Amino acid sequence: MRVDAVVVVAMEEEARPFLEAATESGPEYEAGRAAGRVLTVGDLRVLVVRSGIGLVNAASAAVDALGRVAPSALVSGGSAGGLAADVEVGDVVVGERVTYAGADATAFGYDRGQVPGMPVDYAADPVLLDAARTLEPVVAPVAQGRPGRLRLGEMVAGDSFVTAANVGSVRADFPRALSTDMETTALAQVAHSYAVPFLSVRGISDLCGPAADQDFHLAVDEAAARSARTVTAILGAARRPA
């Protein structure tokens, strides 16, 4: 089956905005801890997969999904933590390049964040990235007092939750990274291995190390809704033949 994209999210709250926007919904399947279904959202046909949290859950769910459908893209959606000092709760980050926050084989000559034998980082698909650049810089109306800006830049992902206690080391290792989550880079590696165009689009629900004058939390469902709206807008703008 051809689809416009496989969209992988970690949690039910992150899948819900796609379900609510769908005009048609196929039967749900289960695969290990993951569940997915094909949805029609506007002119798009997407397989939305809830993988569970973490790198391994995300990668295994993506591999299973790629065995079921032939997508024009693999997208990492949902929420994320804001890492850069100028990222705000409510922003939506689109990853230009992504890498692993926890990978460290520097003792053997690899770059920080690089898995041996794999690229230093993973670049977003240029067509999808160009489509993202056509969107308005403000991608969400004010909700819970917070407008949402579209931010393009670097992302990291790992199996450790980044908080104020460890954000300093992550920022030091990846000074240009805008956000951090627990699935994106595993999905990027799967996309790289299977030669599928990739993009990550994450709504910022919290700040890993907020300044004293910053709000630091947005409901996950609102951050996920902002991500979902941006995902569908990007896919619609890119619109690869299915």
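User: What is the volume of the largest pocket, and what makes a space a pocket?

Analyst: The largest pocket of this predicted model has a volume of about 340 Å³. On a 1 Å grid over the protein atoms alone, a pocket is an open set of points with protein on both sides within 12 Å along at least five of seven lines, and lining residues have an atom within 4 Å of a point. Volume means the space filled by probe spheres set on the points, which are joined across faces, edges and corners. Of the 22 lining residues, Ser 79, Ala 80, Phe 161, Met 182 and Asp 206 are the closest to the centre of the largest pocket.

User: How do the residues lining the largest pocket divide by class?

Analyst: They comprise 10 nonpolar, seven polar and five charged residues. Ala, Val, Leu, Ile, Met, Phe, Trp, Tyr, Cys and Pro count as nonpolar, Asp, Glu, Lys and Arg as charged, and the others, Gly among them, as polar.

User: What lines the second largest pocket?

Analyst: The second largest pocket, with about 190 Å³ of space, is lined by 13 residues. Its lining has five nonpolar, one polar and seven charged residues.

User: Why is Ala 233 called partly exposed?

Analyst: Its relative accessible area is 32%. Buried means under 20% and exposed over 50%, with partly exposed in between (1.4 Å probe, protein chains only); Ala 233 is therefore partly exposed.

User: On what basis are residues numbered and values computed?

Analyst: Numbering starts from 1 along each chain as its sequence is written, and side-chain values use heavy atoms, leaving out hydrogens and water. In this predicted model, local features need pLDDT of at least 70 and side-chain atom pairs count only at pLDDT 80 or more, while totals for chains, interfaces and linings use all residues.

Key:
1 Å grid on protein atoms, 1.4 Å probe; cavity = no way out; pocket = protein on both sides within 12 Å on 5 of 7 lines; lining within 4 Å.
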